[in-house]
Amino acid sequence: MSLTPQQMLTLACDPAQIFELCGLTPDPWQRDLLRSKDPRVLLNCCRQAGKSTAVAALALHTALFTGKSLVLLLSATQRQSGELFRKVLEFYDALDQPIPALTRSTLSLELTNGSRVVSLPGNEGNIRSYSGVRLLVIDEAARVEEELYKAVRPMLAVSGGRLICLSTPFGKRGFFYHAWHDHETPWRRFLIKAQEVPRISPQHLEEECRNMGPTWFNQEYGCSFETPQGLVYPDSLRA
Ligand SMILES: Nc1ncnc2c1ncn2[C@@H]1O[C@H](COP(=O)(O)OP(=O)(O)OP(=O)(O)O)[C@@H](O)[C@H]1O
Ligand SMILES: [Mg+2]
């Protein structure tokens, strides 16, 4: 499906159209996120809410319509940031590559408009060289170490780029937990629990609650920062 000039124009004005053009209907919060312009965004979402899909669409939209933009995808491991990058490529291909690629690999995509999307490894030593970042995405942010977070934030200092952190909670620790509770920094917050996700059935939730126990269930499906019983986090992991 090649996009018509009219579809390109509509898409340029409304990032949520990526979903529609790919045959998906965005959930209301996905639509809000895609249309938002907030420079700092936290998505505290249950498992399988559709957070990676929504942010992948936003990452692609930034690369397509903000020329010469550098979009970085970071997670705790290269495999996880690579999964997010795959979703970016899936949208790009589903739209029939509306701006041609100069180079493309399993880790990065460079477009003829000068934009790049790069999937980063989860270790600090290999990520310091990037500057001029337009959008920095941190997926599974609750599992990303504080040191890595501190290493990437300065990349936004000069560029004034956006930062979007998305995660399901993982204990009362780490930068994502602290950012979620820090009301002095003007984060735009999205909170999406499983009951709001039309693709997750009440039957599935009942079964999960029975099998996993309330602490785990509240973390995975209720967006709650839980401390699993008997687990003591080492001081090195505390912020
Ligand atoms: N608006 C939507 N319409 C239809 N399917 C959707 C929509 N949003 C997401 N999905 C589908 O839901 C599934 C979960 O999406 P995704 O991987 O983005 O969720 P997630 O919140 O990142 O999950 P996880 O917690 O496992 O990382 C995928 O199969 C995705 O294609
Ligand atoms: Mg995900």
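## Aromatic pairs and ring contacts

Five aromatic pairs turn up in this structure, which is a predicted model. One of them joins Phe217 and Tyr221, whose rings are tilted, with 5.3 Å from centre to centre and 35° between the planes. The two residues share helix 9 (residues 214–222), where they stand four residues apart, or about one turn of the helix. Are Phe217 and Tyr221 buried or exposed? Both are buried.

Elsewhere, Phe176, Tyr177 and Phe225 come together as one aromatic cluster. Rings also meet charges here: the charged end of Arg143 sits over the ring of Phe170, at 3.7 Å from its centre. In a second case, Arg189 lies over the face of Trp180, with 5.8 Å to the ring centre.

Eight of them make up an open sheet with mixed pairing, in the order 3-4-5-2-6-7-1-8. Its edges are strand 3 (101–104) and strand 8 (188–192), each of which pairs on one side only. On average, neighbouring strands of the sheet are turned by 10° against each other, direction ignored.

Strand 2 (residues 70–74) runs parallel to strand 5 (residues 116–119), and four bridges connect them; within strand 5, Val118 is the residue opposite Leu72. Strand 3 and strand 4, by contrast, are antiparallel and joined by three bridges. Here Ala101 faces Leu111 of strand 4, and a hairpin of three residues links strand 3 to strand 4.

## Helices on the sheet

Which strands does helix 3 (residues 28–35) touch as it packs on the sheet? They are strand 1 (40–45) and strand 8, and the direction of helix 3 makes about 160° with that of strand 8.

Helix 4 lies across strand 1, strand 2, strand 4 (108–111), strand 5, strand 6 (133–139) and strand 7 (162–167). With strand 7, helix 4 makes an angle of about 160°.

In soluble globular proteins, nonpolar side chains tend to be buried together. The largest nonpolar core of this model has 50 residues, and those that touch the most other members are Trp29, Leu33, Leu43, Leu60, Leu73, Val88 and Leu95. Which helix gives the most to this core? That is helix 4 (residues 51–65), with nine residues.

Setting aside neighbours within four places in sequence, the contacts of Leu33 are Val41, Leu43, Ala54, Val55, Leu58 and Phe190. A further core of 27 residues lies apart from the largest one, and its members include Leu72, Leu74, Leu120 and Phe176.

Asp14 is found in the loop between helix 1 (5–13) and helix 2 (17–21). Why is Asp14 classed as buried? Its relative accessible area is 14%, and the class takes in values under 20%. Beyond its neighbours within four places in sequence, Asp14 is in contact with Arg35 and His61.

Ser81 belongs to helix 5 (residues 78–94). With a relative accessible area of 1%, Ser81 is buried too. Not counting residues up to four places away in sequence, Ser81 touches Leu73, Leu74, Ser75, Ser119 and Leu120.

## Two glutamines with positive phi

Gln48 is not a glycine, yet its phi is positive, at about 65°. Look for Gln48 in the loop between strand 1 and helix 4. Gln48 counts as exposed because its relative accessible area is 62%, and exposed residues are those over 50%.

Gln97 also has a positive phi without being a glycine, here of about 50°. Where does Gln97 lie? Its place is the loop between helix 5 and strand 3. The relative accessibility of Gln97 is 38%, so Gln97 counts as partly exposed.

Terms used
Residues are numbered from 1 along each chain as its sequence is written. Chains are lettered from A and ligands numbered from 1 in the order in which they are written. This is a predicted model: local features need pLDDT of at least 70, side-chain atom pairs count only at pLDDT 80 or more; totals for chains, interfaces and linings use all residues. Side-chain values use heavy atoms; hydrogens and water are left out. Rings of Phe, Tyr and Trp (its six-membered ring) pair if their centres lie within 6.5 Å; planes under 30 degrees apart count as stacked, over 60 as edge-to-face and the rest as tilted. Buried means under 20% relative accessible area, exposed over 50%, partly exposed in between (1.4 Å probe, protein chains only). A charge sits over a ring if NZ of Lys or CZ of Arg is within 6 Å of the ring centre and within 35 degrees of the ring normal. A nonpolar core is a set of buried Ala, Val, Leu, Ile, Met, Phe, Trp, Tyr and Cys residues joined through side-chain atoms within 4.5 Å. Contact means heavy atoms within 4.5 Å. Two strands pair if DSSP finds at least two bridges between them. Axes are lines fitted to C-alpha atoms, for helices over the stretch in contact, and angles run from 0 to 180 degrees between N-to-C directions.
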